[in-house]
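Take a look at the protein below. This report walks through its pocket, its aromatic rings and its backbone.

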Amino acid sequence: NDLLEGEFEGIGVQFNIQNDSVVVIQVISGGPSERVNIKAGDRIVKVNDSLLVGPQITSNTVVKKLKGPRGTKVKVGIARRGHSKLIDFTITRDKIPFYSIDASFMQTKDVGYLKISRFANTTVEEFEKHVSKLKSQGMKKLILDLRGNGGGVLQASTEIANHFLESGSPIVYTEGRAYPRQDYYADENGICKNTKLVILIDEGTASASEILSGAIQDNDRGLIIGRRSFGK
């Protein structure tokens with residue numbers, strides 16, 4: 001749920017358990033661990049003077065010790081390559097943002113590129129900000145990269161489709177055995193209705209990503225390039 005909510009509160013690292021110890025795989029940009037100079041490759045050996053090593057260590061154990069309310073502090077002992085002794089850090093937990101847009105830039109003078117890695121509650125707001133920036137730089141055509149995007153929040157994908165489609169265009173409908181049919185249509189509030197569009201997909205493009213690319217294809221609004229998507 002953290003990924004879909006767009007943020008959580010903690011120290012801001014991604015980790016793995018290797019050889020009975022916790023290895024930092026990635027330090028989240030702008031997070032509290034980055035601010036105190038925790039680095040990828042560091043091993044978290046102690047948390048608040050308790051050892052965090054051994055075969056009994058699980059991901060849930062690590063998460064419970066490292067996550068916590070914003071503003072609280074946690075002391076960690078780090079084993080770092082090149083250092084003979086543990087290095088102590090005191091980290092103040094904070095809100096950790098998960099950005100769903102990995103990159104956006106101008107490919108040429110009028111072609112923009114934007115990659116969405118997942119659909120979360122913050123994706124539409126991120127999308128609108130990035131598109132506004134690209135348009136200010138002269139964007140008239142957009143490459144929207146959905147490769148490897150496994151989906152997420154349905155509403156985020158329909159709202160982004162809405163930005164490209166003419167008012168009244170069908171986007172998708174949902175229906176279940178005990179759930180009445182609900183249709184989603186585009187309205188007049190789209191900000192990219194006149195932007196030429198190409199969407200990149202691959203076998204990792206799934207769920208909400210397929211809804212967005214399918215709506216664009218079925219309304220003949222843009223060109224889909226790549227490989228067959230995960231489900232379609």
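Which element gives the largest share of the lining of the largest pocket? Helix 6 does, with seven residues.

## The model

This is a predicted model: local features need pLDDT of at least 70, side-chain atom pairs count only at pLDDT 80 or more, and totals for chains, interfaces and linings use all residues. Residues are numbered from 1 along each chain as its sequence is written, and side-chain values use heavy atoms, with hydrogens and water left out.

The protein has six helices and 15 strands. Helices (H or I, at least four residues) and strands (E, at least two) are DSSP runs, numbered from the N terminus. The C-alpha trace spans about 65 × 50 × 35 Å along its principal axes. Of the 232 residues, 42% count as buried. Buried means under 20% relative accessible area, exposed means over 50%, and partly exposed lies in between (1.4 Å probe, protein chains only).

Now the contacts, meaning heavy atoms within 4.5 Å. Among those with a separation of 6 or more, 63% join residues 24 or more positions apart.

## The largest pocket

The largest pocket holds about 370 Å³ of space. Among its 16 lining residues, Glu210, Ser213, Gly214, Ala215 and Lys232 are the closest to its centre. Strand 12 (170-176) and helix 6 (208-218) are the elements that give two or more residues to the lining. By class, the lining has seven nonpolar, five polar and four charged residues.

How is a pocket found? On a 1 Å grid over the protein atoms alone, it is an open set of points where a 1.4 Å probe fits, with protein on both sides within 12 Å along at least five of seven lines; lining residues have an atom within 4 Å of a point. Grid points are joined across faces, edges and corners, and the volume is the space filled by probe spheres set on the points. For the classes, Ala, Val, Leu, Ile, Met, Phe, Trp, Tyr, Cys and Pro count as nonpolar, Asp, Glu, Lys and Arg as charged, and the others, Gly among them, as polar.

## Aromatic rings

The structure holds two aromatic pairs. Phe105 and Tyr113 are stacked, because their ring centres are 4.9 Å apart and their planes meet at 25 degrees. Phe105 is partly exposed, at 37% relative accessible area. Tyr113 is buried, at 12%.

Phe127 and Phe164 form an edge-to-face pair, 5.9 Å centre to centre with 65 degrees between the planes. Phe127 lies in helix 4 (residues 123-136) and Phe164 in helix 5 (residues 154-164), so the pair ties together parts 37 residues apart in sequence. Rings of Phe, Tyr and Trp (its six-membered ring) pair if their centres lie within 6.5 Å; planes under 30 degrees apart count as stacked, over 60 as edge-to-face and the rest as tilted.

Helix 5 is mostly covered, with eight of its eleven residues buried. Ile160 and His163 are among them.

The charged end of Arg181 sits 3.5 Å from the centre of the Tyr173 ring. The rule asks for NZ of Lys or CZ of Arg within 6 Å of the ring centre and within 35 degrees of the ring normal.

## A loop with positive phi

Most residues other than glycine have a negative phi. Asn19 has phi near 50 degrees, and Asp20 has phi near 65 degrees. Asn19 is in the loop between strand 2 (13-18) and strand 3 (21-27), and Asp20 is found in the loop between strand 2 and strand 3. Asn19 is exposed, at 70% relative accessible area. Asp20 is partly exposed, at 39%.
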